[in-house]
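User: I would like to learn how to read strands, sheets and the helices that cover them in a model like this one. Could we start with the terms and then turn to the case at hand?

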Amino acid sequence: MCGIVGCILKDNKKVAPILLNCISKLEYRGYDSVGIATIDDKINIKKDKGEINQVNKKLNLADMEGNLGIAHVRWATHGDPNKTNSHPQFDENKTVAVVHNGIIENYLDIKTQLEKEGHKFISQTDTEVIPHLIEKYMDKGLDLEDSLRETINIIEGSYAIAAISVNEPDKIVATRKDSPLIVGIGDNGYYVASDSPAILEYANNIIYPDENELVILNSSEIIIKDKNDNIIDKEIQTLDWTPEMAEKEGYDYFMIKEINEQSKAIQNTLTEKINIKKIIDDIDDINRICFVACGTSYHASLTGKYLIESFAGISTDVILASEFKYFANTLDDKTLVIFISQSGETADTLKALDKANETSKTLGIVNVAGSAVTRKADYVIHTQAGPEIGVAATKTYLSQLTAIYIFAGLLSSNNSLLEKIDRVPEFIDEVLLDVNSIIEMSKKYKFVNDFFFIGRGYSYPIALEGALKLKEITYIHGEGYAAGELKHGPLALIDEGIPVVVINPPGDDHKKTMNNLKEVKARGADVLAVGSSSDKMLIEEADDVFTINPEVDQVIAPLVYIIPLQILAYYVAIERGLNPDKPKNLAKCVTVE
Ligand code: F6R
């Protein structure tokens, strides 16, 4: 949801090529428009609507003077994606330029007041009030830093802001509240950015500023101050991600690279076992677990409920983060609330985490080190998927599931479950060896309008996740259902030629799911089944089958059976001429509620 970058170089080299490179690495956060501002003897701004490559071709973004500047990619909230609404935003005299990620909730009141004072606004954005406020305070004699401090006393909402002013051409000031911002220390200069992939190539020593701390960068130092102007000594942490991890490395798109990295991601996450054991030993007096998450992370949580209730016998709820406040009254100090988030910055999840911290023990399962969930939760499990750039979650989902399976296995002291998880990377490698049949199926199904996914028990969250992957990157309507629910309504939608994906691994639920397969077939559905290679009945009944070999039972199926569904979604998107890494209207990190 918008990405921001700021950089000041130690020498007098041009910063624009570096800013362009950094902001390109954040395009997964938004791709409605892009802009860069630098300072030499004045503020230079180039910005426009469109993806970075298109805008760069038109404007040559790297060709700007100045050794310091700020950059932005936009995911529009207030105002259409157009040139005027693109960031950087500035005041009428172009003395101040600002990039912002978040939403200023009281911007209309501030704008009305500033207009009365003579300020002229040209955009429809909430952000534009920020450069005007900074300019107003600078006109009163405050410096850039104090002007930003005054500004954040007035604005309400969420923000990561980086600002520059022509009156102090050797400085970038930045701050954050409820939106992510990191500070990078590089050999060639200093950085601020929404997320670490932006700066991995230049800086891997990182500082994580807290809410409303002020970050002041000049060419010789980084200063971080609290609200009361006191300098704070912040811990410097070293990132263990490498720049190559955030590159496509020969793949056409990040999504297919990340699908292929899934067995590695699971192997790496398996190393969290010792940490997970320690957490479980520490929280021994709980009688209820509650998962809170959004989207794909919510689907991982649903699998967690099946696992924990059946293996550990602990009552477990799963709540969408955006709905959490309606359930929070039932929490107490015997409840463990588990927050699952790949980004660790999802606004809905963070709101719920603040609420849960008031009453209960909290645990975050997070992929991005140093993100807000890792700082707010009592306990943290780091999924070790490495950076995920494709907007659709794939390897982070499997890493989340791995962490949950380990958690459930250790909580219930079930060694057989733990041993089964150890073998999953091997199963995944086997599945990925031959996906040609799925690629063929994507050609057959590329023109359909609707898709249904059904499964029972552990396969129900697989159906939901398969449907989500398909709809978000192909724009085909997809619905996941518990197979037993079809007859209670959705069966009315099944007709001649409607594709129904039936997820049916070996296990107790197999027979009943076969019955559901026959029910949809009898009504003309085109059945695409995923099942075991030894499942003769399934292979005979289905129109198309993707078989899993070696045999994976229904408990472990969520970690393996999702792979062909991710691949199906990916190739249908390719067949439809879409970019699976950048689905329309979506962004990787959802920092607005
Ligand atoms: C779907 C997807 C989203 C995210 C959701 C939560 O592919 O990526 O549904 O799962 O926005 O994001 P995190 O996990 O970062 O909290």
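Analyst: Two strands are said to pair if DSSP finds at least two bridges between them, and helices (H or I, at least four residues) and strands (E, at least two) are DSSP runs, numbered from the N terminus. With that in place, a hairpin joins β12 to β13 through 2 residues. This is a predicted model, in which local features need pLDDT of at least 70 and side-chain atom pairs count only at pLDDT 80 or more, while totals for chains, interfaces and linings use all residues. Residues are numbered from 1 along each chain as its sequence is written, and side-chain values use heavy atoms, with hydrogens and water left out.

User: Which strands are joined to β12 by bridges, and in which direction do they run?

Analyst: Strands of a sheet pair through backbone hydrogen bonds, either parallel or antiparallel. Here β12 runs antiparallel to β8 (residues 168-177), with 3 bridges between them, and antiparallel to β13 (residues 221-225), with 5 bridges. V215 of β12 is the bridge partner of A174, and in β13 the partner of V215 is I224.

User: Is β12 (residues 214-218) mostly covered or uncovered?

Analyst: Buried means under 20% relative accessible area, exposed over 50%, and partly exposed in between (1.4 Å probe, protein chains only). By that criterion 5 of the 5 residues of β12 are buried; L214, I216 and N218 point one way from the strand, whereas V215 and L217 point the other way.

User: What is the strand order in the open sheet, and how is it paired?

Analyst: Its 5 strands follow the order β16-β15-β17-β18-β19, and the pairing is parallel. The edge strands, each pairing on one side only, are β16 (315-320) and β19 (379-382). Within this sheet, 5 bridges join β15 (residues 288-293) to β17 (residues 335-341), and C290 stands opposite V337 in β17.

User: Which strands does helix α8 lie across, and which does helix α9 lie across?

Analyst: Axes are lines fitted to C-alpha atoms, for helices over the stretch in contact (heavy atoms within 4.5 Å), and angles run from 0 to 180 degrees between N-to-C directions. Helix α8 (residues 273-282) lies across β18 (361-366) and β19, at about 160° to β19, while α9 (residues 295-312) lies across β15, β16 and β17, at about 170° to β16.

User: What do the buried residues of α10 pack against?

Analyst: An α-helix has 3.6 residues a turn, so residues three or four places apart point the same way. In α10 (residues 347-357) the buried residues include L350, L353 and A356, and the buried residues of this helix pack against β15, β17, β18 and α11 (372-376).
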